[in-house]
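Trainee: I would like a close look at a single part of this model, the place where the two chains meet. Please take it slowly and define the terms.

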Amino acid sequence: MASVPLKWSIKASVGVYRVVLYVYPPRFRAAYGREMAQVFRGSCREAVARRGPPGLLPLWGATLRDLAVTAAQEWGDALGIARHRRLRMRPRASYPGRYGMMRRRRHGPFGELYRALKRMRSGFMSRPAMRTLPESITLGPGITEADRRRTRPTERALIFARDEAEWHHHTHVGTEHLLLGLLREREGVAAKVLYVLGVDTEAVRRDVEFIIGRGEREVVGEAIGLTRRARRVLELAGDEMRAMNARYIGTEHLLLGMLREGEGIAAGALNRAGVHLDAVRAEVPRASGEMGA
Amino acid sequence: MMDENAREAEALLPLTPAVFQILLALAGGERHGYGIMREIAENTEGKMRLGPGTLYRSIKQMLAAGLIEESDERPDPALDDERRRYYRLSGFGQRVAEAEARRLAQLVNTARARRLLPEVGTAPVRGGA
């Protein structure tokens with residue numbers, strides 16, 4: 001009878017596995033050890049039925065690897081070692097990094113002073129996100145201080161976009177990050193247009209974040225580039241600027257660029273929120289007029 | 001507008017492959033641990049085999065997060081007369097699984113729009129012409 005050695009090999013394997021289970025923390029073993037042994041027995045039977053006792057070897061290999069990894073993780077939990085556990089509720093994003101702080105400061109009691117300081121530093125253009133801007137949207141000659149002022153929300157939106165890519169652990173700034181950055185910038189014409197159109201910017205943000213998810217690993221020290229679509233959005237924004245005979249690139253041009261690009265995540269999310277090209281085009285002159293030239 | 005439940009469900013995304021597969025396996029009805037493992041192996045054509053450690057570590061976390069519930073303990077007549085603990089999807093788990101499926105569908109749509117996948121209903125293009 002062949003079934004006697006087969007049975008014996010399964011019994012022995014499960015017996016050994018029961019002993020090996022002692023590498024798990026006691027509470028985990030007490031809660032799930034018996035069930036884990038049942039599962040292992042099931043796998044053993046399957047393996048032996050398919051390939052006889054030698055089938056147990058690869059099964060043991062896989063099981064021991066699994067055991068080493070998960071036992072280490074369980075001990076980490078048991079000893080309270082903080083680790084990134086995906087299933088734990090992620091706290092609602094309070095936007096980290098320098099710019100959250102900057103926003104608070106800008107409106108705080110020292111806001112005016114802080115603005116002046118920032119203007120003096122004028123480090124915006126040297127930051128990587130800005131260096132990747134195509135030439136089509138850099139400012140031409142003859143620009144006034146008013147023009148320059150109106151580019152500032154755009155610069156901030158772009159820096160926010162880079163922050164967003166970083167925060168989501170993505171290696172590139174895509175249209176989705178451009179949109180998230182634009183939504184965080186509340187002073188530009190785009191913010192005004194979205195407000196007038198009655199767009200729930202938080203809902204748009206949730207929609208985008210829901211689609212893009214968050215990467216596993218933090219992206220540290222890597223150059224964050226632009227995706228092809230994001231570059232296209234910036235080009236179209238420059239196009240919008242020229243079409244309107246504006247000498248500055250405002251957030252409204254960025255918004256129009258996203259809508260014209262039409263295929264990226266940004267355009268999709270905006271369309272779902274009921275933001276369409278024509279409506280934005282119609283609102284821009286009034287909104288930018290109110291902002292003062 | 002999104003209600004509180006939906007937001008809570010989405011706070012868990014993206015799910016790990018193991019967690020999502022377990023949710024998928026339990027979406028077909030309650031199962032015991034070995035049943036979940038078999039179901040996953042079948043659903044993935046044997047490409048994904050969870051070891052007992054990964055399986056129960058995920059189950060532990062999913063119980064804690066309220067995605068699944070313990071059902072009763074009873075033998076599986078198809079296997080042997082051993083008593084086995086059964087698990088089933090909770091209402092919240094169902095919503096989380098749906099939310100993750102929607103998220104993945106969105107990604108697939110995007111991939112399709114960027115020509116990484118053939119359009120629905122057309123054969124994959126091979127060679128020229």
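How many residues of chain A are in contact with how many residues of chain B?

Mentor: This is a predicted model, in which local features need pLDDT of at least 70 and side-chain atom pairs count only at pLDDT 80 or more, while totals for chains, interfaces and linings use all residues. Residues are numbered from 1 along each chain as its sequence is written, chains are lettered from A and ligands numbered from 1 in the order in which they are written, and side-chain values use heavy atoms, with hydrogens and water left out.

Contact (heavy atoms within 4.5 Å) links 36 residues of chain A with 45 residues of chain B. The buried area, that is, the accessible area (1.4 Å probe) that two parts lose on being put together, summed over both, is about 3,600 Å² between the two chains, and carbon and sulfur atoms give 54% of that.

Eight salt bridges (a side-chain nitrogen of Lys or Arg within 4 Å of a carboxyl oxygen of Asp or Glu) are counted between chain A and chain B. One of them pairs A:Glu74 with B:Arg57, with 2.9 Å between the closest N and O atoms.

On the chain A side, α2 (26–51), α3 (56–78), α10 (201–212) and α13 (265–272) each supply at least two residues that touch chain B; these helices are DSSP runs (H or I, at least four residues), numbered from the N terminus. The largest share, 13 residues, comes from α2(A). By type, the side of chain A that touches chain B has 16 charged residues (Asp, Glu, Lys and Arg), 12 nonpolar (Ala, Val, Leu, Ile, Met, Phe, Trp, Tyr, Cys and Pro) and eight polar (the others, Gly among them).
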